[in-house]
Protein chains: 4
Amino acid sequence: MRIGFIGIGAMGNPMAKNLIDAGFDVTVWNRSGEKCQPLVAAGARQADSPAECATADVLITMLADDAALDAVLREHDLIGAMAAKTVHVNMATVSTATAVELAQRHASAGKAYVAAPVLGRPDLAAAAKLNIVAAGPADAIEQARPALGRIGAKVWPCGDEPVRANAIKLATNTMLVSAVESMAEATAMTAAHGIEPGDFLEIITSSIFSCPAYLGYAPAMEKRDYDNPQGFKLRLGAKDIDLALTAAHAGNVPMPMSATARERLAEAMAAGDGDKDLSVLAETARRRANV
Amino acid sequence: MRIGFIGIGAMGNPMAKNLIDAGFDVTVWNRSGEKCQPLVAAGARQADSPAECATADVLITMLADDAALDAVLREHDLIGAMAAKTVHVNMATVSTATAVELAQRHASAGKAYVAAPVLGRPDLAAAAKLNIVAAGPADAIEQARPALGRIGAKVWPCGDEPVRANAIKLATNTMLVSAVESMAEATAMTAAHGIEPGDFLEIITSSIFSCPAYLGYAPAMEKRDYDNPQGFKLRLGAKDIDLALTAAHAGNVPMPMSATARERLAEAMAAGDGDKDLSVLAETARRRANV
Amino acid sequence: MRIGFIGIGAMGNPMAKNLIDAGFDVTVWNRSGEKCQPLVAAGARQADSPAECATADVLITMLADDAALDAVLREHDLIGAMAAKTVHVNMATVSTATAVELAQRHASAGKAYVAAPVLGRPDLAAAAKLNIVAAGPADAIEQARPALGRIGAKVWPCGDEPVRANAIKLATNTMLVSAVESMAEATAMTAAHGIEPGDFLEIITSSIFSCPAYLGYAPAMEKRDYDNPQGFKLRLGAKDIDLALTAAHAGNVPMPMSATARERLAEAMAAGDGDKDLSVLAETARRRANV
Amino acid sequence: MRIGFIGIGAMGNPMAKNLIDAGFDVTVWNRSGEKCQPLVAAGARQADSPAECATADVLITMLADDAALDAVLREHDLIGAMAAKTVHVNMATVSTATAVELAQRHASAGKAYVAAPVLGRPDLAAAAKLNIVAAGPADAIEQARPALGRIGAKVWPCGDEPVRANAIKLATNTMLVSAVESMAEATAMTAAHGIEPGDFLEIITSSIFSCPAYLGYAPAMEKRDYDNPQGFKLRLGAKDIDLALTAAHAGNVPMPMSATARERLAEAMAAGDGDKDLSVLAETARRRANV
């Protein structure tokens, strides 16, 4: 099976690598072409233009945000360049408005489109343990499944309409950011009572909070080291919350917890922590409390 | 080992039962004496007065709130009635102010006091799978450990000062209530996008939120049945957040997520849901969003 | 002095009327042309195209939102159609991003641009009592001042960069929405203590809250009648808060009060109150509290 | 008319002074007796015990908080010491629970009790321009009115039940704290756009926010000087919000704006600003935004 892969960043790189290692015939493209080199060394072919990726059996896009995706699609008429058989699987987190629009544009052009955003950070991507939420035509999902099965531990089909997968992804990230901010605040509160953050964090992540949403962020809070290159950059969390609140407000759904957390992210960014791991919220919470 | 157990409610009942079943010599007391009957049938002795429980090797109290504990302690001079060897283990969730005061009152009287609040609901209590956070003199914790080992899956010692255990418990409950409210809001948001709550909840609790804080509440949200007698009553969650915010504010620690969640609990109580399981927050979120 | 006026809505209509009544030579245009009829009857000339308005001494635009403004500007090359002498005064509330972009586009074309958003509702517009916050080149503001002086009670110059006026307007509206939501919550709280909303509202608006931000909304809360056609539509308040939060977040400024209020607006819209006056927040607050 | 006045603090001192200056026969008492000296110099008599104040026609108490009031009442059996004719007018801000309890204790003893909390800071107290919200038996309010008329600009009777006056006072203070925090956030937001705080504050307090709630705090924000001894100490604002939230939650009334503001007050106190004027929230907002 031939796979085109566009967007070789912190997530795209390990995802594409897993596909190459699994023996797929992978063609990669990235705006900054040098990022493709390690994948070429691993066996990929580097395309001169995104359109070369579009004729594969499965075209995967993993671009940074709505604007980057839109730019690539429009500049290179990527939808027009797709083969009749190609399934476009967009694995990036995009807005629900973009999700709806993309589904329409593909449908108008008679092309297959699947939204398949992932749950997990670069380290899980490297381990092929992502959870993939996939929505789109059932046969298109089936065509992509062999590839998706090498990228993630599990594929969760959730219906025909691609936007649903994006809504699920965004909603999940609101929960994640709220969880990390709550943990940060609770850590500051216990620290003010003389409890070592590491002791508190061990108790909670060994008991009722023993799941990746907490386990993935507690160690950095304990070590007070937020520079993990495999982490989830705080400013990307802010971007996701913005997309989620926009999606929620479009349907008049109040999300007071997310709105509260969003302002804490702004505070962290004002302090210069936007490019650190999301767990740096622990420092914002401690600074606020002067502990 | 002789154990006195005061407070036979939704939590105290299964905890005491596990001690009886483990072969301890257990004397029980409850203000409404008839609640002791099942335990007497299981082998416990029923005290005529709380003071009779106070001469055991370990005196466990598991009363509803600070006021109930204070009333029993004062009306019956319970601290005065303790034997020299007795260790008082208070397993209820109390305020940090009460925790500090109780430690002082026991110390003044030359009696041993351990704070050992538990993480877990009545179903975990019945299964002896609670997590117990214990603080107090190390030898007192050791004396109580055989009993605690039959009540919980794990005992987490966290220092000499009893108040620390209470601070940890309250902080943990702020995280729990925030987690459930976040899950409720995310469920409403995805529902507004046409996603079945059960589908969304399965994905998240099978992936990055696969821990008791979510798994314990998602099924009720899916079934929209919030009358689980083994659940965590929403109004008790509100009480815990009030205690946590008071403890936080005493140290000038801001907790914006908990403060936001607290107002949602008020809204749920205004709607008549205070005696339902905490998961009923899903209904409040859906009602607000009209989904 | 010749004035072109584009955008004859709830605000634009009384503003243009005041200019006509003051004797200015006013040419009006609106996408739905029939809305111009009362102004024509009062003495205005109706343009066939927006470009006809662009050659006046002062071109005032008062369009509903960024998209409407952008559409008119681009479809009709309005900036290109401006005379060398024309000053474009944009009195609508737009995003700070649009404000910056418009200033650049006018500057590139060698045309004068002033941002002059207004504080006040349609009733104040009719009474020519708006407060006008104006930013742009000082001579351009001076050229427009005779017109602005007939629209508002006071012009507040605030510097060369148009975006500043928009930032001030958006910040003011965050305060306004927060004020009305706070008043709504306080009214619900006192109502729960048996106090008639009208009694409470009279006390506060006769003492420390005796200013338009409260006086403009308290009577509707007392009468529980939110259909004032001269009012400030709740959904426009939500739009303004969205613009303000976007502007704030662009500079990493946390605005927790506005973020909290925004979710209450979503709740009101979910209840079907988006087209009512902002004061309908009193009903949302009472419903939440069941009073 | 004889007046007893207990509690000579930042508010009580100017209030008592105005009564002395008006020619009333005033007896004063304060736990720290030396605070009474300026009033004695002005013509008051200093009591040796609070009970000496209790036989006057009107007994006014203006103590710091519920605990201080309760201590004086109990230690000196103040209610028992009241003459049959005496009307006790409690002008301090107390909890609604205390308000209800005090009404009952006076009623049981056959004594007259009026709650008459005030709106305004020490500077308004000195100018006799306070707004007084009075609740209690109509004849008792009438008996006190000559004195109240010298303390405030206006007396607002609001019914028989004293607790109503306290609920109104607390609700008003939630609005005040929210207003000041909103103004602080808006000032930070505009400062991030290059606008001088003084320019922004002048515009808003000259237009839609031209009332004491804003005018009383904007000058300090402009000057960045928060040490006004006539100001409203931030930690007292926090105390009032705590009382208000407790009163609201007792009736299951959600107050999300107040809850949000409360956490900002904690942040300000953590920064060491608890004893500064409430307007110091501007600094907290600017620090958060790094402007």
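**Close-ups of a predicted model**

**View 1. The stretch from residue 2 to residue 156 of chain A.** Over residues 2–156, chain A is 43% helix and 23% strand, with its end C-alpha atoms 23 Å apart. Helices (H or I, at least four residues) and strands (E, at least two) are DSSP runs, numbered from the N terminus. UniProt, in an unreviewed entry, puts the feature "domain: 6-phosphogluconate dehydrogenase NADP-binding" at residues 2–156 of chain A; such annotations may be inferred rather than shown by experiment. This is a predicted model, where local features need pLDDT of at least 70 and side-chain atom pairs count only at pLDDT 80 or more. Residues are numbered from 1 along each chain as its sequence is written.

**View 2. Domain 1 and domain 2 of chain A.** The domain assignment (automatic or from a database) gives domain 1 as 2–160 and domain 2 as 167–289. Their centres, taken over C-alpha atoms, sit 28 Å apart. Domain 1 puts 15 residues into the contact and domain 2 puts in 16 residues, where contact means heavy atoms within 4.5 Å.

**View 3. Helix α9 meets helix α13 in chain A.** Here the axes of α9 (residues 162–192) and α13 (residues 234–250) come within 9 Å and cross at roughly 125 degrees. That makes α9(A) oblique to α13(A): under 35 degrees counts as roughly parallel, over 145 as roughly antiparallel, 65 to 115 as roughly perpendicular and the rest as oblique. Axes are lines fitted to C-alpha atoms, for helices over the stretch in contact, with angles from 0 to 180 degrees between N-to-C directions.

**View 4. Residues where α9(A) and α13(A) touch.** Look for A:Leu170 and A:Val177 among the α9(A) residues, and A:Ile241 and A:Leu243 among those of α13(A).

Notes: Chains lettered and ligands numbered in written order. Heavy atoms only, no water.
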